[in-house]
Amino acid sequence: MSSIREDILEAQKQFEDNSNITSQLLKAIHQLYFHHRVNEAIEFQERFNTIWQAQGQDHDMEAVKELLAEVKDMLASSRQQKEQDHEI
């Protein structure tokens, strides 16, 4: 019985982690619009959609994590550019 309980708890934890990563990615893509990176936001959204639809219920979370890292890098670059523009 405890084995089943542990499996359920592990599945719940995994679901929560995956949900948080997905939420972070979608929020980061949305932030690109605020940095006037509309084309990039659309491209990242399309890539996310491809990943999300390709696996059905078993989403490729490694690909989602990689995409999140790319979007975060783009946001950091945009923020850095914005700061440089304000210094000039």
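Let's start with Asp 17, which counts as partly exposed because its relative accessibility is 27%, a value between the 20% limit for buried and the 50% limit for exposed. This is a predicted model, and the structure holds four salt bridges. Asp 17 takes part in one of them, with Lys 13 as its partner.

- The side chains of Asp 17 and Lys 13 come together in a salt bridge, with 2.9 Å from N to O.
- Both residues belong to helix α1, which covers residues 2–34.
- Asp 17 and Lys 13 are four residues apart, or about one turn of the helix.
- Lys 13 has a relative accessible area of 45%, so this residue is also described as partly exposed.

**The pair between helices α2 and α3**

- Arg 47 and Glu 70 meet through their side chains in another salt bridge, again with an N to O distance of 2.9 Å.
- Arg 47 sits in helix α2 (residues 38–54) and Glu 70 in helix α3 (residues 61–87), so this pair ties together parts that lie 23 residues apart in sequence.
- With a relative accessibility of 31%, Arg 47 is partly exposed.
- Glu 70, at 34% relative accessibility, is partly exposed too.

**The pair within helix α3**

- Glu 62 makes a salt bridge with Lys 65, and their closest N and O atoms are 3.5 Å apart.
- This distance still counts because the cut-off for a salt bridge is within 4 Å.
- Both Glu 62 and Lys 65 are found in helix α3, three residues apart, which is about one turn of the helix.
- Glu 62 is partly exposed, at a relative accessible area of 48%.
- For Lys 65 the relative accessible area is 37%, and this residue is likewise partly exposed.

Key:
Residues are numbered from 1 along each chain as its sequence is written. This is a predicted model: local features need pLDDT of at least 70, side-chain atom pairs count only at pLDDT 80 or more; totals for chains, interfaces and linings use all residues. Side-chain values use heavy atoms; hydrogens and water are left out. Helices (H or I, at least four residues) and strands (E, at least two) are DSSP runs, numbered from the N terminus. Buried means under 20% relative accessible area, exposed over 50%, partly exposed in between (1.4 Å probe, protein chains only).
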